[in-house]
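Below are my notes, in numbered points, for you to read alongside the model.

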Amino acid sequence: MFPASRYSSKAHRCIRALKTAQIEHAAPQLYTTLNRRACSSVSTPRITTHYTIHSRDKDSRWEGIEMERFADEADVVIVGGGPAGLSAAIRLKQLANEHEKELRVCLVEKASQIGAHTLSGACLEPSALNELFPDWKDRGAPLNTPVTEDVFSILTEKHRIPVPILPGLPMGNHGNYIVRLGNFVRWLGEQAEELGVELYPGYAAAEVLFHEDGSVKGIATNDVGIGKDGSPKDVFERGMELHAKVTLFGEGCHGHLAKQLYKQFNLRENCQPQTYAIGLKEVWAVDEKRWRPGRAEHSVGWPLNRRTYGGSFLYHLNEGEPLVALGFVVGLDYSNPYLNPFREFQRWKHHPFVAATLEGGTRIAYGARALNEGGLQSIPKLTFPGGLLIGCSPGFMNVPKIKGTHTAMKSGMLAAEAIFPKVTAESLDSETTGLHAPEYAETLKGSWVWKELRAVRNIRPSFHNYFGLYGGMAYTGVFYWIFRGKEPWTLKHCGLDADQLKPAKECTPIEYPKPDGKLSFDLLSSVALSGTNHEGDQPAHLTLKNDSVPVDRNLAIYDGPEQRFCPAGVYEYVPLETGDGMRLQINAQNCVHCKTCDIKDPSQNINWVVPEGGGGPAYNGM
């Protein structure tokens, strides 16, 4: 799918050190009605077998297994090969070259290839790219579609109300580019390799390592060769430790290591809870007569009601063939447990205004990912001894713009500039073993990123009013367009998204139409288009803190909402073999790594951890 990665000689040495078990991966293992019945007829004594829940120290099957890990040293380790992590890596090597310094930068990425887990709309604002590579056009950056037309609509069930995009409103896209972000990230990876950054795709950072003084020491990659029942296989091998003077965490939205760091260093003490949305996306090849290269369409309204935050995009690409990227975003603070974001997306495509573009076309790709919507109020403390948070992990998305790539890139660049003098200093000056760089947060607050986020800080929480969507639009029109966000107050969010669901008995079930196979589709055929694949014989990485909670609470009170908010069919309730109840079945092989379950579970009982490196979706330039 992607060109083979190019590695430096130093990277080759590290790759040999990172040698893991050669485990054959099966073809994409999407569950079918047949194996659902087979699974429901087999007694499952335990749902969760992962070692993060059930310690291997108390498991006799692990006695005598070699648990020593190989360790390697770098100046800087970066977790996550997205726009933020790659921009940080590139900027570090640029600075090293400018100052003629030796600097070893290692980046680990859980996807099998750089860009394979990247999913976004995406309409890219090139401000950060212009700073990172002023000559990006000469370097062949895949920004092929400048926006030539902006369309914004309020949809009713059958009609469209056009809304003018006044100059200065955040939805304006003059000067931006419609891109396939996976291709752009892959290009960033190529630039990083040319500068000498060591990229290690296929290696998932599973654990944060700490010095004795509590500062971050680095990360450990995940173990491989563990059976589905939690026992070691013959090919078991421990992960590897990567130690660094400072570690940058750029895992993307709701990173599983960032969650640990929040607790370890109390980073969320002085900010509001993060709030999220789920974004679902498809790529279509359409009839050339319906194709308008450079056209960017956005809408709000139907099929969502005014109390449910969300909207859509439809971008016409100009890449040599008539392609459109379309998607639907639903705020995860919705209250009705019967709401199904995937089926809302499928229903939206039947609106006459949308169907006019898609009819006669062919769907060629599907994916889903959670995104941060908390904005300025929800940004945690960004620095701690030995590490920094960058990109979408802490949450720098400009929600009304529906853009976070440019801010994520800039945060990575500022992090690189903050730590470079420290990691290259001949005599390290740090109170802790792991370097602390509070300058990063200070420079970020003085940058255009902070200014941009402050101006729009009240737009998303303004939605929480009696009029919902329309009240939020009115607030935007008055306080943003006229005052540019200079109002002296900062609105608050409602709290954790997981706390917003109402009991099922208080809500009305939503009747969704059956997919027609032309514009709308079922979930399993959609997941098949994501290229998702995991090694089948490994513990489910969707772990439960308590295996009894799903049936006793989620099903009993909320009618099992994880069956509906998951965009990949991972969770389903099936009858017990005895016929006198239900049990939760986790089809972890379907997981597209969107993190929605970890966010929206009303019991906060699901903890997403990394599967074996290289598993997950294979988004081909999504």
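1. Let me begin at the start of helix α7, where a side-chain oxygen of Asn-340 comes to within 3.1 Å of the backbone nitrogen of Phe-342. Helices here (H or I, at least four residues) and strands (E, at least two) are DSSP runs, numbered from the N terminus. Please keep in mind that this is a predicted model, in which local features need pLDDT of at least 70 and side-chain atom pairs count only at pLDDT 80 or more, while totals for chains, interfaces and linings use all residues. Residues are numbered from 1 along each chain as its sequence is written, and side-chain values use heavy atoms, with hydrogens and water left out.

2. How many of the 8 residues of α7 are buried? The count is 7, so the helix is largely enclosed by the rest of the structure. Buried means under 20% relative accessible area, exposed over 50%, and partly exposed in between (1.4 Å probe, protein chains only). Pro-341, Phe-342, Glu-344, Phe-345, Gln-346, Arg-347 and Trp-348 are the buried residues of α7.

3. Now the sheet. Its 7 strands follow the order β6-β5-β15-β16-β17-β14-β18, forming an open sheet with mixed pairing. Two strands pair if DSSP finds at least two bridges between them. At the edges are β6 (160-162) and β18 (362-372), each pairing on one side only. Direction ignored, neighbouring strands are turned by 20 degrees against each other on average. Helix α7 (residues 341-348) packs on this sheet, touching β5, β14 (276-285), β15 (295-301), β16 (310-316), β17 (323-331) and β18. The direction of α7 makes about 135 degrees with that of β17. For contacts, the cut-off is heavy atoms within 4.5 Å. Axes are lines fitted to C-alpha atoms, for helices over the stretch in contact, and angles run from 0 to 180 degrees between N-to-C directions.

4. Strand β5 (residues 149-155) runs antiparallel to β6 and is joined to it by 3 bridges; Ser-153 has Pro-162 in β6 as its bridge partner. Although β18 is an edge strand, 9 of its 11 residues are buried.

5. Two helix pairs share α9. The axes of α3 (residues 83-98) and α9 come within 7 Å and cross at roughly 35 degrees, and the crossing is right-handed. A crossing is left-handed if the near helix is turned anticlockwise from the far one by less than a right angle, and right-handed if clockwise. Residues in this contact include Leu-92 and Leu-95 of α3 and Met-413 and Phe-420 of α9. By class, the contact of α3 with α9 has 12 nonpolar, 4 polar and 2 charged residues. Ala, Val, Leu, Ile, Met, Phe, Trp, Tyr, Cys and Pro count as nonpolar, Asp, Glu, Lys and Arg as charged, and the others, Gly among them, as polar.

6. The axes of α9 (residues 405-423) and α11 (residues 448-455) come within 10 Å and cross at roughly 145 degrees, here in a left-handed sense. His-406, Thr-407 and Lys-410 of α9 make the contact with Trp-448, Val-449 and Glu-452 of α11. Those residues divide into 2 nonpolar, 2 polar and 2 charged.

7. Which peptide bonds would I look at by eye? Another is the cis bond from Trp-302 to Pro-303, with omega near 10 degrees, and Pro-303 belongs to the loop between β15 and β16.

8. Positive phi values in residues other than glycine deserve a glance too. Asn-266, in the loop between α6 (256-265) and β14, has phi near 55 degrees and is partly exposed at 42% relative accessibility. His-593 has phi near 65 degrees and lies in the loop between β23 (582-586) and α16 (596-600); at 3% relative accessibility, His-593 is buried.

Technical notes
Polar contact = N/O pair within 3.5 Å; in protein donor to acceptor, adjacent residues only side chain to side chain.
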